[in-house]
Amino acid sequence: QVQLVESGGGMVQPGGSLRLSCEGFGAAFNTYGIGWFRQAPGKRREGIACINAAETNTNIADSVNDRFTISRDNAKFMVYLQMDSLQPEDTGVYFCAADWTPGFPQAPCKLGRLDYATWGQGTQVTVSS
């Protein structure tokens with residue numbers, strides 16, 4: 001089973017950018033779809049971006065699809081979330097999660113949190129002036 005570690009969070013002013021990284025350890029990373037989720041204070045965890053195991057399909061939530069981009073490098077066991085034009089409402093803890101899809105690397109990825117069995121510990125993103 002893969003283990004995930006997020007990094008790259010921090011504090012940024014409105015309009016700024018951050019790139020989050022999700023590193024996988026211990027298993028065949030290219031058999032997992034990876035999703036990024038965020039949880040704002042007092043709110044449910046929501047899916048914001050995902051990419052399938054084969055790197056052929058991505059899905060971005062409507063709330064961020066003109067500002068966030070997801071990518072992955074299976075050779076490096078890494079998935080990235082590029083976040084531009086950040087706004088205060090983007091503040092929250094960002095988690096990456098893994099959905100095991102053995103034999104179906106081309107399967108479309110999903111934004112539902114219940115589809116993911118393995119989670120990282122999260123990284124805090126704060127957007128404030």
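Phe-37 is buried in this predicted model, with a relative accessible area of 1%. Tyr-116 is itself buried, at a relative accessible area of 6%.

Phe-37 and Trp-119 also form an aromatic pair, here a tilted one, with 4.8 Å between the centres and 55° between the planes. Since Trp-119 belongs to strand β10 and Phe-37 to strand β4, the parts that the pair ties together are 82 residues apart in sequence. Trp-119 counts as partly exposed, its relative accessibility being 25%. Together with Phe-95, the residues Phe-37, Tyr-116 and Trp-119 make up one aromatic cluster. Phe-95 in turn has Arg-45 over its face, at 3.7 Å from the ring centre, and elsewhere Arg-19 lies over the face of Tyr-80, at 4.2 Å from the ring centre.

The count of disulfides comes to two, and their geometry is set out below.

| Disulfide | S-S distance | Angle about the S-S bond | Handedness |
|---|---|---|---|
| Cys-22 and Cys-96 | 2.1 Å | 75° | right-handed |
| Cys-50 and Cys-109 | 2.2 Å | 70° | right-handed |

Cys-50 lies in strand β5 (residues 46-51) and Cys-109 in the loop between β9 and β10 (118-119), so their link ties together parts that are 59 residues apart in sequence. Both Cys-50 and Cys-109 are buried. For the other link, formed by Cys-22 and Cys-96, the partners sit in strand β3 (residues 18-25) and strand β9 (residues 92-100) respectively, so that parts 74 residues apart in sequence are tied together. Cys-22 is buried at 0% relative accessibility, and Cys-96 is likewise buried, with a relative accessible area of 0%. When the bonded cysteines of the chain are numbered in sequence order, the pairing reads 1-3, 2-4.

The search of the whole structure finds one cavity of 30 Å³ or more, and the space in the largest cavity is about 40 Å³. By class, its lining has six nonpolar, three polar and one charged residues.

Conventions. Residues are numbered from 1 along each chain as its sequence is written. This is a predicted model: local features need pLDDT of at least 70, side-chain atom pairs count only at pLDDT 80 or more; totals for chains, interfaces and linings use all residues. Side-chain values use heavy atoms; hydrogens and water are left out. On a 1 Å grid over the protein atoms alone, a cavity is a set of points where a 1.4 Å probe fits but cannot get out, and a pocket is an open set with protein on both sides within 12 Å along at least five of seven lines; lining residues have an atom within 4 Å of a point. Grid points are joined across faces, edges and corners, and a volume is the space filled by probe spheres set on the points. Ala, Val, Leu, Ile, Met, Phe, Trp, Tyr, Cys and Pro count as nonpolar, Asp, Glu, Lys and Arg as charged, and the others, Gly among them, as polar. A disulfide is a pair of cysteine sulfur atoms within 2.5 Å. Helices (H or I, at least four residues) and strands (E, at least two) are DSSP runs, numbered from the N terminus. Buried means under 20% relative accessible area, exposed over 50%, partly exposed in between (1.4 Å probe, protein chains only). Rings of Phe, Tyr and Trp (its six-membered ring) pair if their centres lie within 6.5 Å; planes under 30 degrees apart count as stacked, over 60 as edge-to-face and the rest as tilted. A charge sits over a ring if NZ of Lys or CZ of Arg is within 6 Å of the ring centre and within 35 degrees of the ring normal.
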